[in-house]
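Good morning, and thank you for coming.

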Amino acid sequence: MDRIPPVLTPGTLPGAELAAAKLDGELFAVDEGWICADEPERIELRATAVASLLPASVGTGRLIMMGMTAAWLHGGTDAPPCNHEVCARFENRATLRLPRRFQLRELVLSDADECLVGSLRVTTPARTVFDLARRASAGTAERSAMAALVRAYAIRPDDVADGIRLPGGRLAAERIAAVRAQQGR
(Lines give C-alpha, C1' and ligand atoms only; values in the text may rest on other atoms or scores of the structure.)
Protein backbone atom coordinates (compact mmCIF):
# COMPACT_ATOMS: atom_id res chain seq x y z
CA MET A 1 0.00 0.00 0.00
CA ASP A 2 1.31 3.48 -0.88
CA ARG A 3 2.08 5.80 1.98
CA ILE A 4 0.04 9.00 1.95
CA PRO A 5 2.41 11.98 1.80
CA PRO A 6 2.32 14.12 4.95
CA VAL A 7 1.53 17.27 2.96
CA LEU A 8 -1.09 17.01 0.24
CA THR A 9 -1.10 19.43 -2.67
CA PRO A 10 -3.35 19.88 -5.71
CA GLY A 11 -0.78 17.76 -7.53
CA THR A 12 -1.41 14.92 -5.06
CA LEU A 13 -5.21 15.03 -5.15
CA PRO A 14 -7.61 17.11 -7.24
CA GLY A 15 -8.41 20.50 -5.75
CA ALA A 16 -12.10 19.62 -5.39
CA GLU A 17 -11.27 16.59 -3.24
CA LEU A 18 -8.92 18.62 -1.07
CA ALA A 19 -11.59 21.32 -0.61
CA ALA A 20 -14.23 18.73 0.29
CA ALA A 21 -11.91 17.05 2.82
CA LYS A 22 -11.21 20.47 4.37
CA LEU A 23 -14.93 21.21 4.66
CA ASP A 24 -15.43 17.80 6.28
CA GLY A 25 -12.76 18.66 8.84
CA GLU A 26 -10.40 15.94 7.63
CA LEU A 27 -7.64 18.31 6.47
CA PHE A 28 -6.25 21.69 7.48
CA ALA A 29 -4.08 24.09 5.54
CA VAL A 30 -0.35 24.44 5.98
CA ASP A 31 0.75 27.19 3.60
CA GLU A 32 -0.45 25.99 0.17
CA GLY A 33 -0.56 22.35 1.27
CA TRP A 34 -2.95 20.31 3.39
CA ILE A 35 -2.34 17.83 6.20
CA CYS A 36 -4.62 15.35 7.93
CA ALA A 37 -6.47 16.84 10.89
CA ASP A 38 -5.20 14.09 13.22
CA GLU A 39 -1.57 14.85 12.32
CA PRO A 40 0.07 17.22 14.82
CA GLU A 41 1.51 20.29 13.14
CA ARG A 42 5.27 20.10 13.42
CA ILE A 43 8.00 22.27 11.98
CA GLU A 44 8.99 19.38 9.69
CA LEU A 45 5.52 19.48 8.11
CA ARG A 46 5.83 23.22 7.60
CA ALA A 47 9.19 22.60 5.91
CA THR A 48 7.64 19.92 3.69
CA ALA A 49 4.89 22.36 2.70
CA VAL A 50 7.45 25.01 1.68
CA ALA A 51 9.60 22.45 -0.14
CA SER A 52 6.55 21.33 -2.14
CA LEU A 53 6.27 24.85 -3.57
CA LEU A 54 9.74 24.71 -5.10
CA PRO A 55 10.18 23.33 -8.61
CA ALA A 56 12.16 20.08 -8.77
CA SER A 57 14.69 21.78 -11.02
CA VAL A 58 15.63 24.15 -8.19
CA GLY A 59 15.70 21.61 -5.38
CA THR A 60 16.38 22.62 -1.82
CA GLY A 61 20.12 22.00 -1.58
CA ARG A 62 21.36 25.49 -2.45
CA LEU A 63 18.56 27.48 -0.85
CA ILE A 64 18.37 28.52 2.79
CA MET A 65 15.07 29.67 4.25
CA MET A 66 15.47 32.95 6.12
CA GLY A 67 13.62 35.94 7.57
CA MET A 68 9.90 35.51 8.17
CA THR A 69 9.93 32.12 6.45
CA ALA A 70 12.51 30.85 8.94
CA ALA A 71 10.56 32.50 11.78
CA TRP A 72 7.42 30.60 10.71
CA LEU A 73 9.34 27.33 10.36
CA HIS A 74 10.81 27.73 13.87
CA GLY A 75 7.36 28.49 15.34
CA GLY A 76 7.75 32.25 15.73
CA THR A 77 4.49 32.88 13.85
CA ASP A 78 1.35 30.87 13.29
CA ALA A 79 0.80 31.80 9.66
CA PRO A 80 3.24 31.48 6.76
CA PRO A 81 4.46 34.71 5.19
CA CYS A 82 2.85 35.93 1.97
CA ASN A 83 6.25 35.76 0.30
CA HIS A 84 8.89 33.26 1.31
CA GLU A 85 12.36 34.66 1.94
CA VAL A 86 15.24 32.49 0.80
CA CYS A 87 18.92 33.05 0.36
CA ALA A 88 21.82 31.35 -1.29
CA ARG A 89 25.29 31.54 0.12
CA PHE A 90 27.33 34.11 -1.74
CA GLU A 91 29.82 31.44 -2.80
CA ASN A 92 26.98 29.25 -4.19
CA ARG A 93 25.26 31.94 -6.18
CA ALA A 94 23.48 30.97 -9.31
CA THR A 95 20.61 32.08 -11.46
CA LEU A 96 17.57 30.32 -10.10
CA ARG A 97 14.04 30.50 -11.41
CA LEU A 98 11.79 30.54 -8.37
CA PRO A 99 8.02 30.87 -8.06
CA ARG A 100 6.76 34.43 -7.49
CA ARG A 101 6.18 33.83 -3.78
CA PHE A 102 9.94 33.43 -3.22
CA GLN A 103 12.33 36.34 -2.76
CA LEU A 104 15.98 35.36 -3.26
CA ARG A 105 18.98 37.10 -1.70
CA GLU A 106 22.65 36.27 -1.57
CA LEU A 107 24.27 36.30 1.87
CA VAL A 108 27.52 35.45 3.53
CA LEU A 109 26.61 32.81 6.12
CA SER A 110 28.71 30.52 8.28
CA ASP A 111 27.84 26.88 8.86
CA ALA A 112 26.79 27.87 12.39
CA ASP A 113 24.10 30.18 10.93
CA GLU A 114 22.03 27.36 9.43
CA CYS A 115 20.33 24.16 10.49
CA LEU A 116 18.28 21.45 8.81
CA VAL A 117 14.50 21.33 9.28
CA GLY A 118 13.08 18.36 7.43
CA SER A 119 14.70 18.58 4.00
CA LEU A 120 15.20 22.35 4.12
CA ARG A 121 18.21 24.38 5.12
CA VAL A 122 17.01 27.15 7.44
CA THR A 123 18.76 29.93 9.32
CA THR A 124 19.06 29.06 13.00
CA PRO A 125 16.65 30.71 15.45
CA ALA A 126 19.44 33.04 16.64
CA ARG A 127 20.39 34.06 13.08
CA THR A 128 16.71 34.47 12.21
CA VAL A 129 16.18 36.81 15.17
CA PHE A 130 19.34 38.70 14.25
CA ASP A 131 18.19 39.17 10.64
CA LEU A 132 14.71 40.32 11.72
CA ALA A 133 16.08 42.64 14.41
CA ARG A 134 18.53 44.43 12.13
CA ARG A 135 15.89 45.40 9.60
CA ALA A 136 15.41 49.14 9.75
CA SER A 137 11.81 48.68 8.66
CA ALA A 138 10.93 45.90 11.13
CA GLY A 139 7.15 46.03 11.41
CA THR A 140 4.72 44.51 13.86
CA ALA A 141 4.94 41.02 12.32
CA GLU A 142 8.74 40.97 12.48
CA ARG A 143 8.82 42.30 16.05
CA SER A 144 6.22 39.76 17.16
CA ALA A 145 8.09 36.87 15.52
CA MET A 146 11.34 38.09 17.02
CA ALA A 147 9.82 38.23 20.52
CA ALA A 148 8.33 34.74 20.16
CA LEU A 149 11.67 33.27 19.06
CA VAL A 150 13.62 35.10 21.78
CA ARG A 151 11.20 33.64 24.33
CA ALA A 152 11.11 30.11 22.87
CA TYR A 153 14.86 29.74 22.28
CA ALA A 154 16.18 32.01 25.11
CA ILE A 155 18.17 34.08 22.60
CA ARG A 156 20.46 36.70 24.15
CA PRO A 157 22.31 39.63 22.56
CA ASP A 158 25.54 37.67 23.10
CA ASP A 159 24.19 34.99 20.74
CA VAL A 160 24.44 37.45 17.84
CA ALA A 161 27.64 39.22 18.88
CA ASP A 162 29.54 37.88 15.86
CA GLY A 163 27.06 39.64 13.57
CA ILE A 164 27.56 43.08 15.08
CA ARG A 165 30.09 43.91 12.37
CA LEU A 166 27.33 43.55 9.74
CA PRO A 167 25.10 46.50 8.81
CA GLY A 168 22.42 46.88 11.48
CA GLY A 169 24.27 44.59 13.89
CA ARG A 170 24.32 46.98 16.82
CA LEU A 171 20.65 47.82 16.25
CA ALA A 172 19.86 44.08 16.31
CA ALA A 173 21.70 43.54 19.61
CA GLU A 174 19.90 46.54 21.15
CA ARG A 175 16.49 45.31 19.96
CA ILE A 176 17.12 41.80 21.27
CA ALA A 177 18.17 43.24 24.64
CA ALA A 178 14.99 45.35 24.71
CA VAL A 179 12.82 42.31 23.92
CA ARG A 180 14.48 40.32 26.71
CA ALA A 181 13.98 43.24 29.12
CA GLN A 182 10.27 43.42 28.21
CA GLN A 183 9.99 39.68 28.86
CA GLY A 184 11.66 40.11 32.25
CA ARG A 185 14.74 38.07 31.36
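This is a predicted model: local features need pLDDT of at least 70, side-chain atom pairs count only at pLDDT 80 or more; totals for chains, interfaces and linings use all residues.

Residues are numbered from 1 along each chain as its sequence is written, and side-chain values use heavy atoms, with hydrogens and water left out.

Helices (H or I, at least four residues) and strands (E, at least two) are DSSP runs, numbered from the N terminus. Two strands are said to pair if DSSP finds at least two bridges between them. In that sense, β1 and β2 pair over four bridges, and the pairing is antiparallel.

Asp 31 sits in the loop between β1 (27-30) and β2 (33-36). The hairpin has two residues between its strands, and Asp 31 takes a positive phi there, near 55 degrees. This residue is not a glycine, yet its phi is positive. Is Asp 31 buried or exposed? With a relative accessible area of 17%, Asp 31 is buried; the term buried means under 20% relative accessible area, exposed means over 50%, and partly exposed lies in between, with a 1.4 Å probe and protein chains only.

**The five-stranded sheet**

I turn now to the open sheet of five strands. Its order is β5-β4-β3-β7-β6, and its pairing is mixed. The edge strands, each of which pairs on one side only, are β5 (102-107) and β6 (114-117). On average, and with direction ignored, neighbouring strands of this sheet are turned by 40 degrees against each other. Axes here are lines fitted to C-alpha atoms, for helices over the stretch in contact, and angles run from 0 to 180 degrees between N-to-C directions.

Let us go through some of the pairs. Strand β3 (residues 63-65) runs parallel to strand β7 (residues 120-123), and two bridges join them. Within this pair, Ile 64 stands opposite Arg 121 in β7. Arg 62 belongs to the loop between α2 (43-51) and β3, and Arg 62 is partly exposed at a relative accessible area of 36%. Between Arg 62 and Leu 120 there are 58 residues of separation in sequence, while their C-alpha atoms are 9.5 Å apart in space.

On to β4. β3 and β4 pair in the antiparallel sense, over three bridges, and Met 65 stands opposite Val 86 in β4. β4 and β5 pair in the parallel sense, over six bridges, with Gln 103 in β5 as the bridge partner of Glu 85.

**Helices α4 and α6**

Two packed helices are described by the angle between their axes and the distance between the axes. The axes of α4 (residues 125-133) and α6 come within 8 Å and cross at roughly 110 degrees. The two helices α4 and α6 are therefore roughly perpendicular to each other. On this scale, angles under 35 degrees count as roughly parallel, over 145 as roughly antiparallel, 65 to 115 as roughly perpendicular and the rest as oblique.

Which residues of α4 meet α6? Val 129, Phe 130, Leu 132 and Ala 133 do so, and in α6 they meet Gly 169, Leu 171, Ala 172, Arg 175 and Ile 176; contact means heavy atoms within 4.5 Å. By class, this contact of α4 with α6 has seven nonpolar, one polar and one charged residues. In this classification Ala, Val, Leu, Ile, Met, Phe, Trp, Tyr, Cys and Pro count as nonpolar, Asp, Glu, Lys and Arg as charged, and the others, Gly among them, as polar.

The loop between α5 (140-153) and α6 (169-182) holds Ala 154. Ala 154 is not a glycine, yet has a positive phi of about 50 degrees. Ala 154 counts as partly exposed at 37% relative accessibility.

**The cysteines**

How many disulfides are found in the whole structure? The search finds zero, a disulfide being a pair of cysteine sulfur atoms within 2.5 Å. Cys 115 is in no disulfide, and the nearest cysteine sulfur, that of Cys 87, is 12 Å away. Cys 115 is partly exposed, at a relative accessible area of 25%.
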